Amino acid sequence: MPIVKIEEATVRSITQKRAIVETIFESLRQVLGVSDEELQSRYQYYNAEDFIAPGNIPNYLHIEIVMFKGRTLASKKKLYRHIVDSLAKLLSISPTSIVILLREHEADNWAIRGGIVANEIDFGYNISI
């Protein structure tokens, strides 16, 4: 059940924003096998003076993904590479402009679908990959 937060100071059209979200979702689908029903996102634009990028990297794009704990390092590396390569191509930006922060939580720390503990739900995909 990944929750994606995208933050940047680059002005984009609604079409571009949707393409960014869909590109990240496609990476999550392809690499981790998550279902469409489990994907959520938030897109946050900041004025340039309110968003300081490390080293003033141009087109800095910060992506935070919160999900259940359990994926292997190999799966995470594959996910990072897929997201970075896909977004760099889509946006014509340097891959070094993209930072991904992955936050993993035990499934028993999530209450969803009316307060059910997430580790008691069959999501239809494997978390231990």
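## Overall fold

Reading from the N terminus, the elements of this protein follow the order β-α-β-β-α-β-β-β. That gives two helices and six strands. The radius of gyration is 15 Å, close to the 14 Å that the globule rule gives for 129 residues, so the protein is as compact as a globular protein of that length. Please keep in mind that this is a predicted model.

Along the principal axes, the C-alpha trace spans about 45 × 30 × 25 Å. Take the contacts between residues at least 6 apart in sequence: 76% of them join residues at least 24 apart.

Let's turn to the inside. Of the 129 residues, 41% count as buried. The largest nonpolar core has 25 residues, and I24, L28, I63, I65 and I98 touch the most other members. At least two core residues come from each of strand 1 (3–8), helix 1 (14–32), strand 3 (61–68), helix 2 (73–91) and strand 4 (98–105). Helix 1 is the top contributor, giving seven residues to this core.

Setting aside neighbours within four places in sequence, I63 is in contact with V4, K5, I24, I83, L87, I98, V99, I100 and L101.

## A second core

There is also a separate core of six residues, and M1, F68, A107 and A118 are among them.

## Surface and charge

The protein carries 15 positive and 16 negative charges, whose mean positions are 5 Å apart.

How values were computed. Residues numbered from 1 in each chain as written. Predicted model: local features only at pLDDT ≥ 70, side-chain atom pairs only at ≥ 80, totals over all residues. Heavy atoms only, no water. Helix = DSSP H or I, 4+ residues; strand = E, 2+ residues; numbered from the N terminus. Rg over C-alpha atoms; globule rule 2.2 N^0.38 Å. Buried < 20%, exposed > 50% of the residue type's maximum accessible area, 1.4 Å probe, protein only. Contact = heavy atoms within 4.5 Å. Lys, Arg positive; Asp, Glu negative; His and termini not counted. Charge placed at Lys NZ, Arg CZ, Asp CG, Glu CD. Core = buried A, V, L, I, M, F, W, Y, C linked by side-chain atoms within 4.5 Å.
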